[in-house]
Amino acid sequence: MKVVSKEIEMIAYFKNGGKINPIKFRIEEDHKWKVIKIDRIINMDLEKLCGNKMLVYTCSAVIDGTEKIFEIKYDIEKCRWVLFKI
């Protein structure tokens, strides 16, 4: 996977107890928006870097006809989503 670290817009839902489940996101590439629907969440971990807590999701989706695995992160303190690796 290649590190891209781009901010994304996410649609997610929250289960009882506060668990976050990402559904789909959109990302801007070459001044155009691309929507990616998350097919499967493979893994979810909590990461702490320099005191900053982030939820790290390893997911898969079909992008341009090919199944790809990617990593998205949710910054708990800043309430923002990042496509980290793809």
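Let's begin with one residue. Leaving out residues up to four places away in sequence, Asn21 touches Ala12, Tyr13, Lys15 and Ile41. Asn21 belongs to strand E2. Is Asn21 buried or exposed? Its relative accessible area is 8%, and because buried means under 20%, Asn21 counts as buried.

Please keep in mind that this is a predicted model.

## The chain as a whole

What does the secondary structure of the chain come to? The chain has 7 strands and 0 helices. Its radius of gyration is 13 Å, close to the 12 Å that the globule rule gives for 86 residues, so the chain is as compact as a globular protein of that length. Along the principal axes, the C-alpha atoms fill a box of roughly 35 × 25 × 20 Å.

Of the 86 residues in the chain, 33% are buried. The chain exposes about 5,900 Å², and carbon and sulfur atoms supply 50% of that area. Among contacts with a separation of 6 or more, 31% are between residues 24 or more positions apart.

## How the strands line up

The 7 strands form an open sheet with antiparallel pairing, and their order is E3-E2-E1-E7-E6-E5-E4. Which strands are at the edges? They are E3 and E4 (40-49), each of which pairs on one side only. From one strand to the next, the twist averages 35°.

## Strand E2 and its partners

Strand E1 (residues 3-14) runs antiparallel to E2, and 6 bridges join them. Here Met10 stands opposite Phe25 in E2.

E2 (residues 20-29) also pairs with E3 (residues 32-37), again in the antiparallel sense and over 6 bridges. Lys24 has Lys37 in E3 as its bridge partner. E2 and E3 make a hairpin with 2 residues between them. In the turn, Asp30 has a positive phi of about 55°.

## A lysine tucked away: Lys73

Now move to strand E6 (residues 66-75), where Lys73 has its place. How buried is Lys73? Its relative accessible area is 6%, which puts Lys73 among the buried residues because the cut-off is under 20%.

Which side chain does Lys73 meet in a polar contact? The side chains of Lys73 and Glu47 are joined by a polar contact of 2.9 Å. Leaving aside neighbours within four places in sequence, Lys73 is also in contact with other residues, including Met54, Leu55, Val56, Trp81 and Phe84.

Definitions and conventions: Residues are numbered from 1 along each chain as its sequence is written. This is a predicted model: local features need pLDDT of at least 70, side-chain atom pairs count only at pLDDT 80 or more; totals for chains, interfaces and linings use all residues. Side-chain values use heavy atoms; hydrogens and water are left out. Two strands pair if DSSP finds at least two bridges between them. Helices (H or I, at least four residues) and strands (E, at least two) are DSSP runs, numbered from the N terminus. Buried means under 20% relative accessible area, exposed over 50%, partly exposed in between (1.4 Å probe, protein chains only). A polar contact is a pair of N or O atoms within 3.5 Å; within protein, one must be able to donate a hydrogen and the other to accept it, and residues adjacent in sequence count only if both atoms are side-chain atoms. Contact means heavy atoms within 4.5 Å. Axes are lines fitted to C-alpha atoms, for helices over the stretch in contact, and angles run from 0 to 180 degrees between N-to-C directions. The radius of gyration is taken over C-alpha atoms; the globule rule is 2.2 Å times the number of residues to the power 0.38. Accessible areas come from the Shrake-Rupley method with a 1.4 Å probe; for residues, only the protein chains shown count as cover.
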